[in-house]
Amino acid sequence: MVRELVILGVVAAVLLLAVWALRRAGARSQEGKTADSAQDRLRDAGVVAGPDRDARQAPTRERKRRERPRPAGHRGTRKDELDRERGARLRERASQDEDEDDDRAAHEDREDEAEHEADADRAAGEPAVDQDAKAAYKQGLAKTRGGFVARLGKLFGKKQIDGDVLGQLEEVLFSADIGPRAADRIFQSVKSNLGRDELSDAQKIWARIRQTSATILDVGARPLDLSAKKPFVLLTIGVNGVGKTTTIGKLAALWSAAGRKVLLAAGDTFRAAATEQLEIWGQRSGCPVVKGKPGGDPSSVIFDAIKRGVDEGYDIVICDTAGRLHTKVELMDELKKVRRVCEKAMPGAPHETWMVLDATTGQNAIQQAKTFKEAMEITGLVLTKLDGSAKGGVILGICDELKVPVRYVGVGEQLADLREFDAQAFVAALYEDADHADAA
Ligand SMILES: Nc1nc2c(ncn2[C@@H]2O[C@H](COP(=O)(O)OP(=O)(O)O)[C@@H](O)[C@H]2O)c(=O)[nH]1
Ligand SMILES: [Mg+2]
């Protein structure tokens, strides 16, 4: 009996233990579920970072989860609803923040790209200055290239260059706008330097033409040294309308931008509007202008300007002059007087006298230069209006005739449209693709 009672007790204890164990397991699983849903809610609310929070697609996934239909009949408590609303608001915020982050990142990317492009432009910009100058020369030389260069191209473009080539070369060169002297120099150079068999080689003929052209342009002038005198006095001369006043304005802008103190002298008192025109350029370039009375003595204006230049420590004084008087003799006499007065105002002045020539006038420019040179010393040339339909090849003729260096060329009407003359770039532009010029 005692033995049976013990067995019953053990069985009851085992049963009780089993029931307790089952209950405990049920309670644990309930606790886990509650914890999971709390975690979910916090994650939903954005308070806790979920594993995919940092992923770029998070807003899309969140939206999908929000849009997922809830099981039918699911009704949460009021607190659950408040939690959901708050969570939705926070998610919206987080999504907006991420959108803003995306916008910021995209903006920064664009800024980076722009910076990159600017760098590339800057890098390309350095050699582009030369390209630009060459392009400007090429444009200015369009007529010349389309004329005698193209005719030479046709002449040498033939498969077989016959013995007659020299005669034709002479004819083409002399009808070009480069002037008879330059034409003869080029012709003689080809004739005397190439042997009979070399005359059938177009490349050799072109090389000789290029070389002689470069030699003509190289008149052995020293580089311009504006610091040699203080003030450095520059006198500009040339017939009406060639671009003297415009060139003075461009030079003033160029040199004052380089840190020089520039003073302008309105020496064209013959034309009423000339002084006003120089004053406008003075304003544009930020340089003061010394002016006289309309119809007054140009020499006294220039004298005053140089004196002021000396007294007030100017680096450069640029003097404008008239391009036309009642007669040519009068004009030349007046220019000679201006020169004498410069010397009186400052011994040794003017330090340079530049003749301004309009490239579009072709052979006339050579004639003008010769006439002025007979009357007074010319130390440099500026060839304007090389842009547009200029007959730029005339530079060869002028340099050959005068043996004076071209210092600058004008390639437009604006302040920045002035370039230092580069003989190498000029020759390169003049004969570029010359071998194919017959195709043009
Ligand atoms: N296209 C072009 N026009 C120019 C250039 N230089 C001057 N000009 C124009 O030529 C005209 C006469 O210029 P101006 O300076 O008054 O000549 P000036 O009488 O010698 O002083 C003006 O309309 C200028 O704008 C140039 O390099 N290119
Ligand atoms: Mg003028």
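This tour moves from the whole protein to its sheet, a packed helix and the nonpolar core.

**The whole protein.** Begin with everything displayed, bearing in mind that the model is predicted. The secondary structure consists of 14 helices and eight strands. Of the 440 residues, 35% count as buried. Among contacts with a separation of 6 or more, 78% involve residues 24 or more positions apart.

Next, select the eight strands, which form an open sheet with mixed pairing, in the order 3-2-4-1-5-6-7-8. To find its edges, select strand 3 (289-290) and strand 8 (418-420), each of which pairs on one side only. Then turn to strand 5 (residues 352-358) and strand 6 (residues 380-384): these run parallel and are joined by five bridges. Within this part of the sheet, Leu357 has Leu383 of strand 6 as its bridge partner.

**The nonpolar core.** Select Ala252, Leu264, Ile302, Val317, Ile318 and Leu357 together. In the largest nonpolar core, which has 91 residues, these six touch the most other members.

Finally, centre the view on Ile302. Leaving aside residues up to four places away in sequence, Ile302 touches Ala265, Gly267, Cys319, Val338, Val341 and Cys342.

Notes:
Residues are numbered from 1 along each chain as its sequence is written. Chains are lettered from A and ligands numbered from 1 in the order in which they are written. This is a predicted model: local features need pLDDT of at least 70, side-chain atom pairs count only at pLDDT 80 or more; totals for chains, interfaces and linings use all residues. Two strands pair if DSSP finds at least two bridges between them. Helices (H or I, at least four residues) and strands (E, at least two) are DSSP runs, numbered from the N terminus. A residue is buried if 20 or more other C-beta atoms lie within 10 Å of its own, exposed if 12 or fewer, and partly exposed in between; C-beta atoms are placed from the backbone. Two residues are in contact if their C-beta atoms, placed from the backbone, lie within 7 Å. A nonpolar core is a set of buried Ala, Val, Leu, Ile, Met, Phe, Trp, Tyr and Cys residues joined through C-beta atoms within 7 Å.
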